[in-house]
Amino acid sequence: MSAKWGVFGKSFNEIGQAIKGRINDVNNALAVTNDLYTSLKDSPSVWARLFPGKESIKSQLIDVDKFYPKIDPKNWDFDWWINELNGIDKQVKSGSMSWQDYSNKLYDNQKWIAKWGQETEGQIRTQEQMIKANQNARQSALDHNAALKQQTLGAKAASVRLNLLKTAGNTL
């Protein structure tokens, strides 16, 4: 029940976890420094844990164009990649390679191909499926970024302001 009810758009469970996190951080720092003021100052507040600022989520945002570049069908060598994945399929079946080993050999912007290859292992792969897999990987990263941005205090404040304007408009 605590995961469904709450205030300020956060469940009581999330609020409790933020409070526990603050207490644990302060206790751990206090054990090391034996200075309560410094321990409190260096630990993120409960509010900051519930509503992280944009700076605190920047490291969690995914650079979509870097990790999931959009496929240009005119310049993309689909046949080479499909043949490559079919060859990896054979090596995985023989036990001489794993999908993780293959993924580790690829550049960061190609790792989605290994993931798609593993998901389609033993199946016939097509150009259309590869384009769709790229689009799905890009959309997943965009959704991840949007969800992180929604958690920021600025997004919450904008939402509250919008709701206040709606209420004022309805009242008028």
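Tutor: Happy to! The chain has ten helices and two strands, and reading from the N terminus, the order is β-β-α-α-α-α-α-α-α-α-α-α. Please keep in mind that this is a predicted model. Of the 172 residues in the chain, 26% are buried.

Now let's zoom in on one pair of helices. Two packed helices are described by the angle between their axes and the distance between the axes. Here the pair is α6, residues 78-94, and α8, residues 111-119. Their axes come within 10 Å and cross at roughly 55°. Angles from 65 to 115 degrees would count as roughly perpendicular and those under 35 degrees as roughly parallel, so α6 is oblique to α8. The crossing of these two helices, α6 and α8, is right-handed.

Which residues make the contact? From α6 come Trp 81, Leu 85 and Asp 89, while α8 brings Ile 113, Trp 116 and Gly 117. Sorted by class, the contact has four nonpolar residues, one polar and one charged.

Some of these names come back when we look at the largest nonpolar core, which has 16 residues. Trp 81, Leu 85 and Ile 113 are among those with the most contacts inside this core, along with Tyr 102, Trp 112 and Met 130. Both α6 and α8 give two or more residues to the core, as do α7 (99-105) and α9 (127-150).

Leaving out residues up to four places away in sequence, Ile 113 touches Trp 76, Trp 81, Leu 85 and Met 130.

How values were computed: Residues are numbered from 1 along each chain as its sequence is written. This is a predicted model: local features need pLDDT of at least 70, side-chain atom pairs count only at pLDDT 80 or more; totals for chains, interfaces and linings use all residues. Side-chain values use heavy atoms; hydrogens and water are left out. Axes are lines fitted to C-alpha atoms, for helices over the stretch in contact, and angles run from 0 to 180 degrees between N-to-C directions. Helices (H or I, at least four residues) and strands (E, at least two) are DSSP runs, numbered from the N terminus. Angles under 35 degrees count as roughly parallel, over 145 as roughly antiparallel, 65 to 115 as roughly perpendicular and the rest as oblique. A crossing is left-handed if the near helix is turned anticlockwise from the far one by less than a right angle, and right-handed if clockwise. Contact means heavy atoms within 4.5 Å. Ala, Val, Leu, Ile, Met, Phe, Trp, Tyr, Cys and Pro count as nonpolar, Asp, Glu, Lys and Arg as charged, and the others, Gly among them, as polar. A nonpolar core is a set of buried Ala, Val, Leu, Ile, Met, Phe, Trp, Tyr and Cys residues joined through side-chain atoms within 4.5 Å. Buried means under 20% relative accessible area, exposed over 50%, partly exposed in between (1.4 Å probe, protein chains only).
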